[in-house]
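Please examine the sequence and the structure shown here before reading on.

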Amino acid sequence: MREYRQARWEGDGCLEPLIFELSRPGRIGYTLPKAVEKVNIPKQLLRENLELPEVSEVEVVRHFTRLSQMNYCIDLGMYPLGSCTMKYNPKFLEDLASLETVAYVHPYQAEETVQGALELMYKLEQCLAEISGMARVCLQPSAGAHGEFVSMLITRAYHASRGEQDRRTQVVVPDSAHGTNPASAAMAGYEIVVVPSDLRGRVDLEALREAVSERTAAMMLTNPNTLGLFEDKVLEIVELVHDAGGLLFYDGANLNSILGKSRPGDMGFDIVHFNLHKTFATPHGGGGPGAGPVGVTEELEKFLPVPLVEYDEKRDRYYLDYDRPHSIGRVKAFYGNFGVLVKAYAYILLMGAEGLKEVAEAAVLNANYIMRKLIGTRGYELRHDAKGPCKHEVVFSVTKLKRETGVSAKDVAKRLLDFGIHAPTYYFPPIVEEALMIEPTESESKEELDKFVAAMKRISEEAYKDPEVVRRAPTATAIGRLDEVKASREPILSWRMYKSIGRRHA
Amino acid sequence: MHKLGLIVNPIAGIGGRAGLKGSDGEEIVRKAIELGAGPVAPKRAMEALRGLLAVKSRISLFTYPHEMGEDEAKEVGFSPNVVGKIITGHTTADDTKRAARELRDLGVDLILFAGGDGTARDICEAVGNSVPVVGIPAGVKMHSAVFAVDPSAAAGIIMKFLWGELPLREAEVMDIDEEAYRQGRLSAKLYGYLLTPYEPNLVQGVKEASWMDIERDQQAAIAKYIVEEMKPDVVYILGPGTTTKAVSEELGIQDSTLLGVDLVHNYKLLARDVNERQILRAIEGKSAVIIVSPIGGQGFIFGRGNQQISPEVIRRVGKNNIWVLATPQKLMLTPTFRVDTGDAELDRELRGYIRTITGYRESRMVRVG
């Protein structure tokens, strides 16, 4: 078992102080040239006081380096956060993104001066279309939920063009859906109809049959679903919804499991969204930036947002096409998160078609390896039919452990941190009680998977022998259990709030 | 040879279709009969007994005279041992209590009774948890956790218990808190505990009144949606409970009932606390919609506390015009709905999936099992 101890930097009786607290009057980390001309700044834009911390360059570097040491990341170890696809981000992609021609290009530059950028976007679009089996892709949406929302707007435009917008007010989602699905549909003005999953963990067809009607605008589906199971009746589902006149939207969050193996276009989906920060390693982190491109069938192409990148064969140049009268319009300033698009494109070229297929195979193999190894561990159970394989992620229920020892999914997740492994997603999907959602991705070697399995087994033993050890965890990390009640009652969200409260926290 | 005690409360449930909030007291019974009500419990008791015919030769049945069990048992084909004395046609709570005590003292393995919360309360007062009890749901108020889902389920539980498979648990005996009800709050009061065999799927859970503030917010969201969907010139039949009350409140109606069925038409209260006949009269020649919610922890959308919405009413309104309301919390307690309209054919038709409104512009397909 790995002995793990995370760095912990303390100062003045608390964890690494805020940079404002390191401030000392007169300390500076810059030298500015003397002003040659007087600059006229309008009075209303001039600030009297600038509350910037006064610290030297050395102090800034050390402060942020200490913080980074107290941070866990994919570069340190496994990150089995289910549904997030926390795969390793190849350094090659980072190198490309920091090139001057990528970092300093400006969206308002004349088209002739950014032909390379436009070409890259055009070709990325084509790759994504090929991967998903769609006719055309728009790269503008900057996040997954944004892509979902855009897809719903396209759905509205489609039904409006056929005079059915007033009638088709409902969007169907499975109860295993990621919360952003119904939220995005609701934001687009739709009513939500939730259908339950059956005992096999798939969409209950009987319920779906009764849920779908002439009022159905679309169904949002993830395949494989959030339980990591392939919807083996997807063709029937698609037929059911199409027969009722609705569209099928594919949530691409789990695309990593079917790359090169299966395509939503072939399953019959009309609209697809991608999470470049998940599947295409661009990378994935709280706050982004991400990218949520949307792909559609030929019939829906005209509704895509403007502008789209087009290629003029005669003049051999790329250009931004705004002449799209049926488009739903702009969904973001400019054309998409360009830096992210560059990395995604580079990743696709790096892997190639064969490589992407191997990615899916390895991702699925790794998840199944973990599943088989953990089946039979005391306290962990699979809610669905365990005879078949899972796809790229597996969901265990810790209900038995909770009932017999008092140790919950949350406790297990936190104890994993003491072994230097990031926690899996817990309490999602909501249809599984005490859920632990494990997605290893293809990046992990067999040795890393074995370490994870060993840690999970050890935690099960600890729960039955000495549950307090698990419930107290983590203790080997920079920060232990948070007082969540206090955090929700007394949130301190900014420096200003902190100052006004006048309290220090260790 | 197992000894089984049987008590039938012949006036239990008599208030149901007439819209009375129970059958406690002679006054209410007289009123119910005036309104055209007939006895319900004897039929339900016989239905349960029929489910036990298969093991008739291995059960020794003990019961009270005439309509308190003897008649029902003989009608079905049992040869019961009859004990005790009653004045036929004038049975009271005291008779129930005496019966319970006598059957217990005779050493029965279990007491089977047909009645409602009132009957459960009487038995509880008489014998406490000194003998296991199973209730055949036949009353109007059935909040207690001692009732089987329906008469044939009661028979099933008894067989499983007598032949050794089911454990016992303490089940709440509840009834409407009269005090709270007068203040407009639906609150079930705990009266005591009875010992009952436990089979998760077939025994009702305890009826819980609205006990979370979050619940209130969710109900308000549902109510807003419902009111937006309401159309003019349609009669809306609002079932009992706090969720449907939220709908009336959203409409600005102050004096709708909590426990009864009210009618709303053109966004105003058309009639309050109606019975089956009044409903049928009101919807004559009009479009109508039934709005109900599963009552508390039981999951019943028809058959518990809203018997005024009878099979006749449901058939006239039409299956497609039933709106079921349930907050997500309630669905966690009862993920499956149940129906017990009294018409087995209709119950069968209602089974499947029904779209249940769970929030503002949000609904879920819930199984009716």
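## Residues with positive phi

Ser83(A) is buried, its relative accessible area being 8% (buried means under 20% relative accessible area, exposed over 50%, and partly exposed in between, with a 1.4 Å probe and protein chains only). Although Ser83(A) is not a glycine, its phi is positive, about 80°. Ser83(A) belongs to the loop between α1 (57-69) and α2 (91-97) of chain A; helices (H or I, at least four residues) and strands (E, at least two) are DSSP runs numbered from the N terminus.

In chain B, Asn266(B) also is a residue other than glycine with a positive phi, near 50°. Asn266(B) lies in the loop between β9 (262-265) and β10 (268-271) of chain B, and counts as partly exposed at 29% relative accessibility. Most residues other than glycine have a negative phi, and most peptide bonds are trans.

## Basis of the model

The model is predicted: local features need pLDDT of at least 70, side-chain atom pairs count only at pLDDT 80 or more, and totals for chains, interfaces and linings use all residues. Residues are numbered from 1 along each chain as its sequence is written, chains are lettered from A and ligands numbered from 1 in the order in which they are written, and side-chain values use heavy atoms, with hydrogens and water left out.

## Cis peptide bonds

The peptide bond between Phe428(A) and Pro429(A) is cis, with omega about 0°. Pro429(A) is located in the loop between β14 (425-426) and β15 (435-438) of chain A.

A cis peptide bond also links Ala473(A) to Pro474(A), with omega near 0°. Pro474(A) is placed in the loop between α15 (467-472) and α16 (484-489) of chain A.

## Interface of chains A and B

Ten residues of chain B are in contact with 16 residues of chain A (contact means heavy atoms within 4.5 Å). The rule finds one salt bridge across this interface, a salt bridge being a side-chain nitrogen of Lys or Arg within 4 Å of a carboxyl oxygen of Asp or Glu. Glu191(A) and Arg361(B) form a salt bridge through their side chains, at 3.8 Å from N to O. On the side of chain A that touches chain B, β5 (191-195) and α7 (205-211) of chain A each supply at least two residues. The largest share of that side, five residues, comes from β5(A).

β5(A) runs parallel to strand β16 (residues 362-368) of chain B, and three bridges join them (strands pair if DSSP finds at least two bridges between them). Val194(A) has Arg364(B) as its bridge partner in β16(B).
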